[in-house]
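Hi,

Here's the structure I promised to pass on. Have a look at it first, then read my notes below.

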Amino acid sequence: IAPIAPLLGFGGLVASPISLISEARTNRGPVTRLTRRGTSQNVIGILPARGERKARIVLMAHYDSVRVHGYMKPTQSKPNNTRRILMPLLALSYFTATGSSLLRFFARRQHRTKLARRAGQAGGIAGAALLTTASPLLLGQLIPGFDGEGANDNASGVAVMLSLAEQLAHKPLEHVELWFVATGGEETGLNGARSLIQQHDKELKDSYFFAIDTVGAGRIHYATQERYMRNTEVPHDMLEILVAASEKG
């Protein structure tokens, strides 16, 4: 739109990322609605502590399957080159298109026809690049089952959680209450986990959460950091527990 109506195009360029960020934070919006397919449920089992409860641990594993393209899959050996190329190109195209729209708007107001035409051409090229780059990133979730992890994401995690529940049921932990939670709708915005927190906010306020996910992926023992839009670190006291458990096999 920007090459034809620069001010309208500029408004769209500013509004689009704001709406997408808002949707990512609230889990509500058109992309979220398009990626949802049917309803989903959480399954919760609670194992009381032996003696007085002094702590609560929540073991979680989602039981839906991944529905994303190959460039969104995690890798343990080398960086995901496709995504590393797409994201900078997306940013460059966006800022070029935005700047061109503003430049063309002011050039037209000052009757600088040649500059306005050049800015329009630059905006058109940047806009085409922006659409080409953004489309696979935005629409990847709409194609079900393509290049998915299958049972490893995350029937493998559910199997481990159920095995732990079976073993611990015969010998509950002293002073520790255990929640076993199989969540649905994880791949379309952590819907099951969000629902769990909303419904049991007060009960789970001071709990430890362990997400058991993709446990058949090579020799990885635990994750210390996750990154999508920004880095999220595992708390230091939790990391000490993970290291100790890993060393004990």
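A quick definition to start: a residue is buried under 20% relative accessible area, exposed over 50%, and partly exposed in between (1.4 Å probe, protein chains only). Buried residues make up 30% of the 249 residues in this chain.

Keep in mind that this is a predicted model, where local features need pLDDT of at least 70, side-chain atom pairs count only at pLDDT 80 or more, and totals for chains, interfaces and linings use all residues. Residues are numbered from 1 along each chain as its sequence is written, and side-chain values use heavy atoms, with hydrogens and water left out.

The chain has seven helices and six strands (DSSP runs numbered from the N terminus: helices are H or I with at least four residues, strands are E with at least two). Their order along the sequence is α-α-β-β-α-α-α-β-α-β-β-β-α.

- Thr183 sits in strand β3 (residues 174–183) and is buried, with a relative accessible area of 4%. Leaving out residues up to four places away in sequence, Thr183 touches several residues, including Met60, His62, Tyr63 and Gly192 (contact means heavy atoms within 4.5 Å).
- Pro88 belongs to helix α3 (residues 81–109) and is partly exposed, at 48% relative accessible area. Pro88 and Thr133 are 45 residues apart in sequence, yet 9.8 Å apart in space, C-alpha to C-alpha.
- Val215 lies in the loop between β4 (208–211) and β5 (225–227). Val215 is partly exposed too, with a relative accessible area of 41%.

Cheers
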